[in-house]
Amino acid sequence: MWDVSGSWLFHKFEGKHTDSCTGVTFSPVNHMLMGSVGKDWKVIFYDIFKSKKVVEDLNLPEPCSCVSFNYDGFTIAVGTTEGSVFALDLWNLKMPLKHLEGHHKSAVSDIMFSHKWDKTKHTKEKSLGSK
């Protein structure tokens, strides 16, 4: 991890993945939590400030290509090199919430959750500027 404000190496997480690390994501609600995925089929979560250690890890049934936290800070999406998407819940990592197939053996190159939608702020009247 690089500290861009001070231009120095903050910490180097070495030897956690046994093959290429293909994606990282930071929790939107816990500034100490980072996740990474790799071609070694692993999803790894780190405490990046206090202990600077792995706090949880799991193996998925396919090599991983990308990862994203949902705005809630508890739901994770992981794309794979085989074209699948796994939705995971940080409270129960033993079983994926959902396994979606649909990229027909093409790697998922990027994945992202949409931002929280507040329908009270996006009504037709408000979008048209009416009172």
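In the predicted model, valine 67 has valine 78 of strand 8 as its bridge partner. This pairing belongs to the contact between strand 7, residues 64–69, and strand 8, which run antiparallel and are joined by five bridges. Cysteine 64 likewise has a bridge partner in strand 8, namely threonine 80. Five residues lie between the strands of this hairpin, in which glycine 73 adopts a positive phi near 80°.

On to the next pairing, strand 8 is also joined to strand 9, residues 84–89, by five bridges, and these two strands run antiparallel. Here alanine 77 is paired with alanine 87 of strand 9. The hairpin of strand 8 and strand 9 has three residues between the strands, and glycine 83 takes a positive phi near 95° in it.

These elements form part of an open sheet of four strands, ordered 7-8-9-10 and paired in antiparallel fashion. Strand 7 and strand 10 are the edge strands, each pairing on one side only. On average, neighbouring strands of the sheet are turned by 20° against each other when direction is ignored.

Charged contacts were considered next. Side chains of opposite charge can pair when their charged atoms come close. Two salt bridges are counted in the model. One of them connects glutamate 82 and lysine 105, with an N to O distance of 3.9 Å. This pair links distant parts of the chain, 23 residues apart: glutamate 82 lies in the loop between strand 8 and strand 9, and lysine 105 in the loop between strand 10 (98–101) and helix 1 (124–128). Glutamate 82 has a relative accessibility of 32% and therefore counts as partly exposed, while lysine 105, at 65%, counts as exposed.

A further salt bridge is formed by glutamate 14 with lysine 12, where the closest N and O atoms are 3.8 Å apart. Both glutamate 14 and lysine 12 are exposed.

Terms used. Residues are numbered from 1 along each chain as its sequence is written. This is a predicted model: local features need pLDDT of at least 70, side-chain atom pairs count only at pLDDT 80 or more; totals for chains, interfaces and linings use all residues. Side-chain values use heavy atoms; hydrogens and water are left out. Two strands pair if DSSP finds at least two bridges between them. A salt bridge is a side-chain nitrogen of Lys or Arg within 4 Å of a carboxyl oxygen of Asp or Glu. Buried means under 20% relative accessible area, exposed over 50%, partly exposed in between (1.4 Å probe, protein chains only). Axes are lines fitted to C-alpha atoms, for helices over the stretch in contact, and angles run from 0 to 180 degrees between N-to-C directions.
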